[in-house]
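This report concerns one protein chain, shown below with its sequence.

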Amino acid sequence: MKGVTLLIFAACLTVGASFSLPVTCKYPPSVWCSSLEIATECGVLRQCLDFNNTKSSDPSSVGVALYYESLCPGCRQFLATQLFPTWVMLGDIMNVTLVPYGNAQESAVGDQYKFTCQHGEEECLGNMIETCILNSVAPGPAFLILFCMEVSADVVKAGQAEHTEDMQDKAMQSLFNLVCSLYKGEKPQACTLAVKEKSRSYCFN
């Protein structure tokens, strides 16, 4: 029996996309992956996602395709509070297709196409960034990145720190120093020691 496919055209509503969860775990390990809330509270969301992604796919799985706009409040709320939590818990019986295009209009201008988005040029940029992520990252991690973008205060800004040539050059020269410099929390001791011992090599004496 072939799976059922649901096509969802998220309506643009004037509702927010806030998403807050508790930060302490009071549940036993046996139920950690039983809901999005418990997985997040217990700090095992990533492990639950990996667990669901490694399960064998059901041939009769349900296909869910979401056509949405990156800056649409209603789309953001649906993705954050309905689609993503459902996928976290039922990813082994779902095939999710995300299409960040929504109500965009296209028109031919000479030998190129011009896109006009419902929420302006910023939304077109957000749609493009999310499309690039979907085409260059594995489905599970890509969905996680898009979820983080869509629940952030600034969707486009959250997606712009994916990659730059400068960042690539710095990573090739010293990934260790790049990671230390990008970390926003209190620097670990290894980063502090590295500043004092710049010439030290961990491979050669």
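**Basis and confidence**

The structure is a predicted model, in which local features need pLDDT of at least 70 and side-chain atom pairs count only at pLDDT 80 or more, while totals for chains, interfaces and linings use all residues. Residues are numbered from 1 along each chain as its sequence is written, and side-chain values use heavy atoms, with hydrogens and water left out.

The pLDDT (the predictor's confidence in each residue, from 0 to 100) averages 76 over the chain, and 74% of the residues score at least 70.

**Architecture**

The chain has eight helices and five strands. These are DSSP runs numbered from the N terminus, helices being H or I with at least four residues and strands E with at least two. Read from the N terminus, their order is β-α-α-β-α-β-β-β-α-α-α-α-α. Of contacts between residues at least 6 apart in sequence, 65% join residues at least 24 apart. Of the 205 residues, 31% are buried, where buried means under 20% relative accessible area, exposed over 50%, and partly exposed in between (1.4 Å probe, protein chains only). The chain exposes about 13,400 Å², of which carbon and sulfur atoms supply 58%; the areas come from the Shrake-Rupley method with a 1.4 Å probe, and for residues only the protein chains shown count as cover.

Strand 4 (residues 105-109) and strand 5 (residues 112-116) run antiparallel and are joined by five bridges; two strands pair if DSSP finds at least two bridges between them. Gln105 stands opposite Thr116 in strand 5. The two strands form a hairpin with two residues between them, and Gly110 in the turn has a positive phi of about 65°.

Helix 4 (residues 121-136) has 16 residues and reaches 23 Å from its first C-alpha to its last, close to the 22 Å expected at 1.5 Å a residue; the expected span is 1.5 Å times one less than the number of residues. Its buried residues are Glu123, Cys124, Gly126, Asn127, Ile129, Glu130 and Ile133. An α-helix has 3.6 residues a turn, so residues three or four places apart point the same way.

**Cysteines**

How many disulfides does a search of the whole structure find? It finds two, a disulfide being a pair of cysteine sulfur atoms within 2.5 Å.

| Disulfide | S to S | Angle about the S-S bond and hand |
|---|---|---|
| Cys117 to Cys124 | 2.1 Å | 110°, right-handed |
| Cys180 to Cys191 | 1.9 Å | -85°, left-handed |

Cys180 lies in helix 7 (residues 165-182) and Cys191 in helix 8 (residues 189-196), so this pair ties together parts that are 11 residues apart in sequence. Cys180 counts as buried because its relative accessibility is 11%, and Cys191 counts as buried at 11% as well. Cys117 and Cys124 are both buried.

How values were computed. Contact means heavy atoms within 4.5 Å.
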